[in-house]
Amino acid sequence: MSVSETGFTKGSSVKVKKGVMCPDYEGLCLSGWQGRVVDFDETKEGEVMIEIQWDSLTLKAIPVKYIEDSGRKGLDCTQMYLLAKEIESAAPRDSEADVEGVREALQSKFYWLGEGKEGKRIFSVIAQVESDNDLEIMEAWESHLKKVLSFPFEAK
């Protein structure tokens with residue numbers, strides 16, 4: 001199958017077909033995940049791989065454990081390559097600006113997971129904030145520090 005035979009073009013909205021499992025994360029079903037076609041590639045076997053950037057609704061629903069594991073593996077959890085036969089056309093559910101806003105919020109919130117033990121402790125506090133608003137996240141962190149720190153304290 002060639003790229004033209006898939007019926008997809010760059011920017012097309014697509015949805016993952018029922019029963020398709022994540023190639024990078026065992027046990028994660030991608031059924032119904034939606035996004036937009038970013039690029040195409042062809043496998044050695046002649047199948048078409050499609051790079052998909054997940055839409056904002058899918059990004060908001062991605063399991064935290066998948067985001068953590070993707071970061072450890074050096075993968076970008078906001079996009080994925082799937083075979084053309086694993087997806088189908090779909091109506092768009094958001095705008096590209098919506099996607100960018102959610103991507104930035106995810107990067108801000110999950111940045112800390114890449115910072116070792118200390119980063120995981122920080123994330124455990126800010127993950128409780130329901131909002132993606134940076135100010136609310138920083139206020140939660142400030143509140144936590146006020147609870148756990150007593151002044152003066154020694155530092156190295």
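**Cysteines and their surroundings**

Tutor: Start with Cys 22: its sulfur lies 10.0 Å from the closest cysteine sulfur, that of Cys 29, which is too far for a bond. A disulfide is taken here as a pair of cysteine sulfur atoms within 2.5 Å. The structure holds 0 disulfides.

This is a predicted model, in which local features need pLDDT of at least 70, side-chain atom pairs count only at pLDDT 80 or more, and totals for chains, interfaces and linings use all residues. Residues are numbered from 1 along each chain as its sequence is written, and side-chain values use heavy atoms, leaving out hydrogens and water.

Now burial. Cys 22 is buried, at 7% relative accessibility. Cys 77 is also buried, at 10%. Buried means under 20% relative accessible area, exposed over 50%, and partly exposed in between (1.4 Å probe, protein chains only).

Glu 26 is exposed, with a relative accessible area of 81%. Glu 26 sits in the loop between strand E1 (13-16) and strand E2 (34-42). Helices (H or I, at least four residues) and strands (E, at least two) are DSSP runs, numbered from the N terminus. From Glu 26 to Tyr 66 the C-alpha to C-alpha distance is 9.9 Å, across 40 residues of sequence.

One backbone detail remains. The peptide bond from Phe 151 to Pro 152 is cis, with omega near -10 degrees. Most peptide bonds are trans. Pro 152 belongs to the segment after helix H6 (134-148).
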